[in-house]
Amino acid sequence: VRLDAGNSITLQGKNGEISGSIAGSYDDYAISSSIKKGESNLPPDKKGGEKILSVSNNNGNTNIDFVSD
């Protein structure tokens, strides 16, 4: 399944992992990430990018990859 996320993606989790791949480049996204009691490969705050990625997770790890088409 391939979804079109448009200009923004919001991911929220509780008591579990958030993982997956997003089409596009890391530099395409302004990133806001809030992680409690877990680890993340995303920065807490990244400016720039014309699209928005917002991630929050409690009691779980977050691992998001960016892939080119």
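Strand 3 (residues 29–36) runs parallel to strand 5 and is joined to it by 8 bridges, strands here being DSSP runs of E with at least two residues, numbered from the N terminus, and two strands counting as paired if DSSP finds at least two bridges between them. The model is predicted, so that local features need pLDDT of at least 70 and side-chain atom pairs count only at pLDDT 80 or more, while totals for chains, interfaces and linings use all residues. Residues are numbered from 1 along each chain as its sequence is written, and side-chain values use heavy atoms, with hydrogens and water left out.

Tyr 29 stands opposite Lys 51 in strand 5. Strand 5 (residues 51–58) is also joined by 7 bridges to strand 1 (residues 8–14), again in parallel, and Leu 11 has Val 55 of strand 5 as its bridge partner.

Asn 57 is found in strand 5 and counts as buried at 3% relative accessibility, where buried means under 20% relative accessible area with a 1.4 Å probe and protein chains only. Lys 46, in strand 4 (residues 45–46), is buried yet has no salt bridge, with Asp 27, the nearest side chain of opposite charge, 4.5 Å away; a salt bridge needs a side-chain nitrogen of Lys or Arg within 4 Å of a carboxyl oxygen of Asp or Glu.

| Side chain | Backbone oxygen | Distance |
|---|---|---|
| Asn 57 | Gly 60 | 3.3 Å |
| Lys 46 | Tyr 26 | 3.4 Å |

How values were computed: Helix = DSSP H or I, 4+ residues; strand = E, 2+ residues; numbered from the N terminus. Buried < 20%, exposed > 50% of the residue type's maximum accessible area, 1.4 Å probe, protein only. Polar contact = N/O pair within 3.5 Å; in protein donor to acceptor, adjacent residues only side chain to side chain. Lys, Arg positive; Asp, Glu negative; His and termini not counted.
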